[in-house]
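Trainee: Could we go through this structure together? I would like to begin with the way its strands pair.

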Amino acid sequence: EKDAECIGFIQNSVGAILSPFDSFLVLRGTKTLAVRMDAHDRNGRMVANFLVEHPSVEKVYYPGLASHPQHEIAKRQQSGFGGMVSFETGSLANAQKVLEGVKLCTLGESLGGVETLISHPASMTHASVPAEKRAALGITDGLVRISVGIEDVEDIIADLDQALS
């Protein structure tokens, strides 16, 4: 209660509050959050399983896979595994082929939307990180990251399949 009062005072004194319309959007969005997260999680699992089986994919990073090193921790701590999936294509050329080949998936760095976004961490989110540090973090030139959306999962998989093939 004391923390809430402190935050309320700061918000009031510095004006860091949402506009009425932004407040309306937040309230409206929370009504469908659980349904959207269920779809995000379900689609993420299916896309990760598809990628594991694809011959053009060398490795998949997704805590919902039993092969993931933190799978057991994720199972204990989470009610689902979400839709963030990363995979290794083996080279910059292969990654670029995938990024340029997708039609449904949109190239972008943002998270939290309902649409599937695909990105290349080495040249986007981590471009300012020196190459040797990226390598130490496992962020290779062939790494591709997907924020799996809530579109029909068969459409997402078909798009990734044609881009990988």
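Trainee: In which sense do E2 and E5 pair, and over how many bridges?

Mentor: E2 and E5 pair in the antiparallel sense, over five bridges. Helices (H or I, at least four residues) and strands (E, at least two) are DSSP runs, numbered from the N terminus. Two strands pair if DSSP finds at least two bridges between them.

Trainee: Which residue of E5 stands opposite Glu88?

Mentor: Leu143 in E5 stands opposite Glu88.

Trainee: How do strands of a sheet pair in general?

Mentor: They pair through backbone hydrogen bonds, either parallel or antiparallel.

Trainee: Before we go on, what kind of model is this?

Mentor: This is a predicted model, in which local features need pLDDT of at least 70 and side-chain atom pairs count only at pLDDT 80 or more, while totals for chains, interfaces and linings use all residues. Residues are numbered from 1 along each chain as its sequence is written, and side-chain values use heavy atoms, with hydrogens and water left out.

Trainee: What is the mean pLDDT of the protein?

Mentor: The mean pLDDT is 93, and 100% of the residues reach 70 or more. The term pLDDT denotes the predictor's confidence in each residue, from 0 to 100. Among the elements, H6 has the highest mean pLDDT (98) and H1 the lowest (85).

Trainee: Back to the sheet. In what order do the strands lie?

Mentor: The five strands form an open sheet in the order E1-E2-E5-E4-E3, and the pairing is mixed. The edge strands are E1 and E3 (106–107), each of which pairs on one side only.

Trainee: What joins E1 to E2?

Mentor: Three bridges join E1 to E2, and these strands run antiparallel. Tyr61 stands opposite Ser86 in E2.

Trainee: And how many bridges join E4 to E5?

Mentor: Three bridges join E4 (residues 117–119) to E5, and this pair also runs antiparallel. The bridge partner of Ile118 is Ile146 in E5.

Trainee: Is E2 mostly covered or mostly open?

Mentor: E2 is mostly covered, with four of its five residues buried. Buried means under 20% relative accessible area, exposed over 50%, and partly exposed in between (1.4 Å probe, protein chains only).

Trainee: Where does H2 bend?

Mentor: H2 bends by about 50 degrees at Thr32. The bend at a residue is the angle between axes fitted to the seven residues ending there and the seven starting there.

Trainee: Which residues of H2 are buried, and what do they pack against?

Mentor: The buried residues of H2 include Ala39, His40, Asn43, Val47 and Phe50. The buried residues of H2 pack against E1 (59–61), E2 (84–88), E5 (143–147) and H6 (153–164). Contact means heavy atoms within 4.5 Å.

Trainee: Why does H1 lie largely in the open?

Mentor: The number of buried residues among the 13 of H1 is zero, so H1 lies largely in the open. H1 is followed by Gly15, whose phi is positive, near 80 degrees.

Trainee: Now for the loops. Where is His120 found?

Mentor: His120 is found in the loop between E4 and H5 (131–137). His120 is buried, with a relative accessible area of 4%.

Trainee: What does the side chain of His120 reach?

Mentor: The side chain of His120 reaches the backbone oxygen of Asp141 at 2.6 Å. Not counting residues up to four places away in sequence, His120 touches several residues, among them Leu92, Leu99 and Leu143.

Trainee: And Ser56: where is it found?

Mentor: Ser56 is found in the loop between H2 and E1, and Ser56 is partly exposed, with a relative accessible area of 31%. A polar atom of the Ser56 side chain lies 3.2 Å from the backbone oxygen of Leu164. Ser56 touches Glu88, Thr89 and Leu164, not counting residues up to four places away in sequence.

Key
Polar contact = N/O pair within 3.5 Å; in protein donor to acceptor, adjacent residues only side chain to side chain.
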